[in-house]
Structures are given as structure tokens and as C-alpha cells.
Amino acid sequence: MAARNLLPIVIALCLGAVSAGKHDIYSGYTTHKVSLRDRSDQDILHDLELKLDLDVWQHGFPGDVDSIVMVSPQNKDEFLNQLDKNEIPHSVDIEDIPKEFEEFDAKMDLWRRSRQRKVFENYPRHGEVNDYLESIAEAYPDLVTLVDAGLSFENRTIKYVKISTTNFTDSSKPIYFLDATIHAREWVTTPVALFSIYRLVENLRDEDRDLREGIDWIVLPVVNPDGFEYTHTNTRLWRRTRSYYPQVNTTCYGVDANRNFDVSFNTLGVSSNPCSDTYPSHAAFSEPETRIVRDIMLEYVDRIQIYLNIHSHGYYILYGYGNLTLPANSAQLYHVGATMGAKIDSLKLPEAGFYRVGNSGMVLYSTSGSAQDYGQAVGIPFSYTLELPGYGRGFQVPPEYIDQINFETWEGIAVSARLSRLYYNDRKKNV
Ligand SMILES: *[C@@H]1O[C@H](CO)[C@@H](O)[C@H](O)[C@H]1NC(C)=O
Ligand SMILES: *[C@@H]1O[C@H](CO)[C@@H](O)[C@H](O)[C@H]1NC(C)=O
Ligand SMILES: *[C@@H]1O[C@H](CO)[C@@H](O)[C@H](O)[C@H]1NC(C)=O
Ligand SMILES: *[C@@H]1O[C@H](CO)[C@@H](O)[C@H](O)[C@H]1NC(C)=O
């Protein structure tokens, strides 16, 4: 009897302990805003990033966008000393990360329960994403084709949709390929991909009719479902995949999927430490998740006119190559990217930043093995990385901003689709 009476208390204590401890691995970690004055500050911060294993949540731009940097308690003094020594202005951003994350969880709990929301008005789980893709493919069989692209390392089914009024048979139409959630923790990218489907399929507006009729679409909302689920169940700031190669390292799981593509692989902006967030893996395309993106690109490379690899966060539209070499069509790349950025800027909230557009190596830092560069290198004329707004809250973009980000980003996607299509007519003429 006594034991039975105790049971609920024991359960309550256990649950309490579990939820209170969920984010404890970030105990003592802090984030800092760093105001870069010039390119040299940017380089100093990038060196510190590698040396002190900093987690740069948002890459800053000199004189404009602050960097947001998370540092461990062990490296904090050294980090701040180095900034001071170089007279780089900085301030504390989040002092107590576990507390901030617990508050966000509580807020999300309320957000989910307060009213019924559509899947893209929320931060959905991978299962909910797949349910949505299945439901619209079922409801719109003449327009939407659901593809099971294969399994993730942990055997989750990676699905994408093809949207076409002509079932992908009309090669006079360009293809727009967009994907999201290649980096697990970048939660706000998933709704943006889903909202694009909603606009094209369930909620077509007259002004978007040309986009549905004149373009074929491929939308892959969750490239990295294993990492993504892990951010929900275990480690909120997980970025990598969840692969495991005991022959390489028995301690750490996963690689940076956005360094794993076979383009200048393992050369720039990568770490040789298998535990690092920029570890590219022991081999290009070691990950089933990146092979799926590759296979989509190669299957349709003659027709994919534009590829958008969606990330969070930082207000950037970037193009190749990560090694600072510009593709031959860089003026056009800039034109389409800048038009997209300007469109989003014209719709942004006052508290949001303006988009920066340019070569990823020049605007931010050198990289290799990125999805953006791979798309460009295999022949997609307009291959971009999009860094969505973070509203100063890191990867925990408050849910009340999701609608705005969906709405404004779709308008940007729409102008980039129309403009890149003009160049497609040229591309077809020239072959
Ligand atoms: C589209 O074409 C594929 C074959 O490529 C076929 O399996 C599918 O049924 C077609 N879908 C529609 C809606 O016609
Ligand atoms: C995935 O499924 C295969 C085949 O059933 C199995 O051999 C493998 O161990 C699974 N992988 C993981 C990580 O569970
Ligand atoms: C895995 O890599 C980490 C980081 O380099 C290293 O500290 C660790 O010893 C490695 N473990 C094994 C078993 O190789
Ligand atoms: C930069 O990368 C691109 C794409 O792989 C390649 O074509 C180009 O030759 C590289 N440039 C240099 C200087 O290595």
C-alpha cells in the first residue's frame, strides 16, 4: 500500500529530473554578441572558432551583422581575453543557456497546445513532416508525386515531393529544387520548405499560378532526419548527421553533411577532429543523406535551374565557390540572389536585418564540400545557400516569427524562380 502510494511521487520525481536536466550539457556555456569592424576582425574570430572550438550560431558581417558565438566555460576567459586584446567589441548575449532552452521548451509546449496549427506554423517532428507529404500527395495525385528517396543512417525514410502540372515530362520547364534541415538544429528551415509546398499545392494564389504551371518543383524538407530528431530528444544544438564509423573513431557520431559533398572535399573550412561540427567525414558522400541530395541533382541536372539549400540563421544569400573562385555566371548569380534578398527585405519586420548577398567565401569564410558548391559544380546555374533570419534568438527562433519567415521567404523564392527561369530559356537556346 505504502509503495503504491509512493509510485506517483517517484514517477513525478523521475520526470522532473529528466526534464530539468534535458539541457544540462550546456551548463556554464554562454553566448556573446561580437561586433566585427572589418575583415581582419572576421578572420580573428574565425581563427578563434577553430582554436577554441567555438560554436558560431550566427556569422557576422563587418559593420552590420553581429556574430553570435557560444563558448564553453573552459574556453570563455581565453575567448574574451583574445577579443579584448584585439579590441573587438562584444557583449554577453545568453548568460544561462539551459534556463533559456527550458523556457523555450515551455513556450513551445504552450504554443502547440494553445490552438490547432498547420504543420508549417510549428516546429514539426520528422514523422509529422512525412505525414504531411503523404497527405498532400494523396489529396493531389495529379499534381504531387511523393518519393521515398531512401533511408538515413538510422533507417528513417527520407521523403521528398515533386510538384508538377505535367508530371515532370515537359523539359521546356525548369526545375526548382529546394531543401532544408541539412543542419539538424536549424529548426525554422523545415517550416519554410513545407510552406512552399502549401503555397504551390494547397493554397495557390492567382499571382503564383505561373510558378506552378511554368516550373517543376522538388522539395525535400528534412535532409538530415537523424540529427533533427536527436535535437528534439537529446541535444538541442546537434548539427551533424548521426552516422557511426567505429573504424574511424569510437567516440563521436556524425559528420557535417554540408562539408560532405564531393567538391574540393576536405580542403577548406573543415576540421580533422571527428568530434567537430565542421568535420567533413573520412570520405565524400559517406552519408546516405548527402547521397540522396546528390542523386536528385544528378537525375535532373539538365533541368534544375536553381537550387536552394536552406539554413538558419544570419540573413545571407550565398553562392559559390567556397574557395573564392567565382563561377562564370557570377553576375547572374548575384543578380538573382540580390533580387531575392531585396524582395525579402521589402517585406521584413523592422527588427529584422537586411540580407547580404555574395560569394560565400568572400562574404563569410572559405568552405569546401558544401551542397551549394556541389550543385554549382555539377551544372546547376543558380545554386544558393540561404541563411534565414534568427531574430537574435539563435536556433530558438520564437514561434511567433515562423509565419513571417515563411511568408517573406516564399516571396523571395517566387522572384528567384521567375528570374532564373528567364535565364533558363537562354540556357536551352544555347545547347
Ligand atoms: C508520373 O509519371 C510516373 C512515371 O514516370 C508514373 O509512375 C506516375 O504515375 C505519373 N503520375 C501522374 C500523376 O501521372
Ligand atoms: C538499419 O537497418 C539495417 C537493415 O535492417 C540494419 O542492418 C542496420 O543495423 C540498421 N541501422 C541502424 C543504425 O539501426
Ligand atoms: C575520437 O576523436 C577524438 C577527437 O579527436 C579523440 O579525442 C578521441 O580520442 C578519438 N577516439 C578514438 C577512440 O579514436
Ligand atoms: C574552386 O572550386 C571550383 C569548384 O570545385 C573549382 O572549379 C576551382 O578550380 C577551384 N579553384 C581553385 C583556385 O582551386
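Which residue lies over the face of F285? In this predicted model, R294 takes that place, at 4.7 Å from the centre of the ring of F285.

A pair of aromatic rings is described by the distance of the centres and the angle of the planes. One of these pairs is formed by W217 and W410, which are tilted, with 5.7 Å from centre to centre and 40° between the planes. This pair links distant parts of the chain, since W217 belongs to strand β8 (residues 216-220) and W410 to helix α13 (residues 402-430), 193 residues apart. Both W217 and W410 are buried. Elsewhere, ring pairs join Y26, Y29, W57, F101 and F395 into a cluster.

Side chains of opposite charge can pair when their charged atoms come close. The search of the whole structure finds 29 salt bridges, and one of them is between R185 and D55, at 2.8 Å from N to O. Here too distant parts of the chain are linked, for R185 is in the loop between β7 (175-180) and α6 (189-202), whereas D55 is in strand β2 (residues 55-58), 130 residues apart. R185 counts as buried because its relative accessible area is 2%, and D55 is likewise buried, with a relative accessible area of 11%.

Another salt bridge joins K159 and E134, whose closest N and O atoms are 3.0 Å apart. K159 lies in strand β6 (residues 157-163) and E134 in helix α5, so the pair ties together parts that are 25 residues apart in sequence. In this pair K159 is buried, with a relative accessible area of 11%, while E134 is partly exposed, at 33% relative accessibility. Salt bridges also link R205, E207, D208, D210, E411, R418 and R421 in a network.

The last stop is S383, which has its place in strand β12 (residues 382-388). S383 counts as buried because its relative accessibility is 0%. A polar atom of the side chain of S383 lies 2.8 Å from the backbone oxygen of Q372. Leaving aside neighbours within four places in sequence, the residues in contact with S383 include Y307, L318, Y319, A371 and Q372.

Conventions: Residues numbered from 1 in each chain as written. Chains lettered and ligands numbered in written order. Predicted model: local features only at pLDDT ≥ 70, side-chain atom pairs only at ≥ 80, totals over all residues. Heavy atoms only, no water. Phe/Tyr/Trp six-rings, centres within 6.5 Å; stacked < 30°, edge-to-face > 60°. Helix = DSSP H or I, 4+ residues; strand = E, 2+ residues; numbered from the N terminus. Buried < 20%, exposed > 50% of the residue type's maximum accessible area, 1.4 Å probe, protein only. Lys NZ or Arg CZ within 6 Å of the ring centre and 35° of its normal. Polar contact = N/O pair within 3.5 Å; in protein donor to acceptor, adjacent residues only side chain to side chain. Contact = heavy atoms within 4.5 Å. Salt bridge = Lys/Arg side-chain N within 4 Å of Asp/Glu carboxyl O.
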